[in-house]
Amino acid sequence: MRRHWTPICLLEEVGEADGMPVKARAFGEDLVVFRDTDGRVGVMDEHCPHRGASLVYGRNEEGGLRCLYHGWKMDVQGNVLEMASEPAASGMADKVKHKAYPTQEWGGMVWAYMGPKDAVPEFQPPAWAPTADARVSIAKVLLPCNWAQILEGAIDSAHSSSLHSSDMVPARVDSAKATANTWLRPSTDKAPRMQVQRAGYGFRYAALRRPITNATANDYVRSTVFVAPATALIPPNNLYNVANINVPMDDVSTVFYFIAWGHPAQTPETETWRKFLRQTVGIDLDENYRPLRTQENRFWQDRQAMKAGNFTGISGFPNQDVAMWMSMGAIANRSHDRLGASDLAIVEFRKQMLDAVQAFQRGEPAIGTGELAIPATVCAFQAIVPKTTDWREYEVKYIWAGDGPHPEMEPSYSVKA
C-alpha cells in the first residue's frame with residue numbers, strides 16, 4: 001500500500017494558510033497535516049522529534065510548525081528551522097530531520113507518498129478525478145473496522161438489490177437514473193450472474209441481471225472496477241460517476257471516502273452530496289467525521305418505516321452499508337463465511353490480494369504500480385446490452401456531459417436520533 005500515493009485528509013480541512021493543524025492517521029502512523037504561510041501542505045509525523053509531544057497543538061507560523069513544548073520548529077519537508085531550547089552555536093538543528101512525506105493536492109484531497117524516499121513515483125490523477133475540471137464531491141467517514149471488509153462491500157454488487165432496495169428502486173427505465181431522492185434501476189433481479197476479468201491494476205467484473213423489458217434478448221450489466229489496493233469504481237447513474245476509496249488508519253479503523261464526480265453541470269456539490277447520503281458533519285457525523293449512528297443507538301433505525309415498506313429503516317444508503325460493516329466487528333473472521341455464486345468478486349479480491357502480497361515479497365512490483373497502473377480507458381459502467389455482446393468488449397466511457405439539469409438531491413426520508 002505504501003507504494004501508492006495515499007489520501008491523507010480533505011483539502012477543506014487544511015484550506016487556510018497558517019491555520020489549525022489537523023490530526024490524521026494512516027498505515028498505523030499518527031500524522032499532522034498543515035498548510036504553511038506560503039500555502040504549501042505538509043504531512044509529518046505527529047510527534048515532535050525532541051520529546052514526542054503532539055504537533056497537532058503546535059503554532060503554525062512563519063513557514064513552519066512550532067512545538068509548544070520547547071519551541072522546536074519544522075517546515076513541510078521536516079527540516080528543523082529553529083530549536084528555541086538549544087544554544088544557536090550547538091548546530092543541533094542541522095543534525096535532526098523530522099519524518100515528513102512528499103505531498104500532492106488533487107481531487108479535493110491531500111495525498112502523501114509513504115513509501116521509500118529514494119523511489120517516489122510521479123503522482124498520477126486517480127481514475128475518479130482524471131482531470132482538473134472535474135467536479136469531485138466527497139463524503140468522509142471514520143469507521144471502527146478493517147478496510148478490507150469495507151472494500152468488499154463496495155465491490156459486492158449483489159447486496160444492493162436487497163440492502164439498498166428502498167433507495168435503488170426498480171423502474172421501467174432504459175438505464176440507471178438519478179432522481180431527487182432515489183437511483184432508479186431497470187431490473188428487479190436480485191440474483192446476478194457474476195463474471196470477472198483480472199488485470200494488473202486489480203480487476204473488473206460484471207453483474208448480469210435480467211432487465212425489466214425485453215429480458216429474452218438483453219442483459220442489464222453493472223460493471224464495477226477494483227483498483228488495487230483499496231479503490232472501487234462503482235457503476236454510475238445517468239448524471240455522474242461514483243467511486244470510493246478506503247484508507248487504513250490501522251488494522252481496525254478506516255477512513256472511508258464516498259465520491260461523486262463528473263461534469264460540474266451534473267454532479268452534485270459537496271454539501272448537497274453529503275446531505276443526500278446523510279453524511280453531514282454536525283448532523284450525521286461529529287466534528288471528527290465519526291458517525292453519530294452507532295450500534296449502541298441501532299444506527300437510528302426506524303422500525304415503523306420498515307413496517308411501512310422501507311427495507312432497512314436506515315436513512316442514507318451508505319449508512320446502511322456502515323451498519324453492516326460495523327456489525328461484523330472490528331475485523332471479521334472470514335473463515336466463518338459461507339460464500340456462494342454471487343460472491344465471485346469477493347473471492348477474486350481475496351485471491352488477488354494474497355497473490356499480490358506474495359509477488360511483492362518475491363521482489364516484484366506492487367500491484368497497480370508502474371506499468372501495472374490502471375489505463376485511462378478503464379471505467380465502471382452500467383447498460384442494457386444484447387445477450388450476444390460480451391461486456392468485456394463493450395465500448396464504454398465515464399459519464400461526462402454538460403447539458404443535463406443539476407439534480408436537486410434529497411434524502412428519502414428523515415430519521416432523528
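**Pockets and cysteines**

Guide: Start with the second largest pocket: its lining divides into 15 nonpolar, 3 polar and 5 charged residues. This is a predicted model, where local features need pLDDT of at least 70, side-chain atom pairs count only at pLDDT 80 or more, and totals for chains, interfaces and linings use all residues. Residues are numbered from 1 along each chain as its sequence is written, and side-chain values use heavy atoms, with hydrogens and water left out.

Visitor: What makes a residue nonpolar, polar or charged?

Guide: Ala, Val, Leu, Ile, Met, Phe, Trp, Tyr, Cys and Pro count as nonpolar, Asp, Glu, Lys and Arg as charged, and the others, Gly among them, as polar.

Visitor: What makes something a pocket, and which residues line it?

Guide: Take a 1 Å grid over the protein atoms alone. A pocket is an open set of points with protein on both sides within 12 Å along at least five of seven lines, and lining residues have an atom within 4 Å of a point.

Visitor: What is the volume of the largest pocket?

Guide: About 930 Å³. A volume is the space filled by probe spheres set on the points, which are joined across faces, edges and corners. Of the 47 residues that line the largest pocket, the closest to its centre are Gln-124, Pro-125, Pro-126, Val-227 and Ile-374.

Visitor: Which element gives the most to that lining?

Guide: β20, with 6 residues. Strands are DSSP runs of E, at least two residues, and helices are runs of H or I, at least four, numbered from the N terminus. In the second largest pocket, the largest share of the lining comes from α6, with 7 residues.

Visitor: Now the cysteines. What is a disulfide?

Guide: A disulfide is a covalent bond between the sulfur atoms of two cysteines.

Visitor: Why is Cys-48 called buried?

Guide: Buried means under 20% relative accessible area, exposed over 50%, partly exposed in between (1.4 Å probe, protein chains only). Cys-48 has 5%, so Cys-48 is buried. Cys-67 has 4%, so Cys-67 is buried too.

How values were computed: 1 Å grid on protein atoms, 1.4 Å probe; cavity = no way out; pocket = protein on both sides within 12 Å on 5 of 7 lines; lining within 4 Å.
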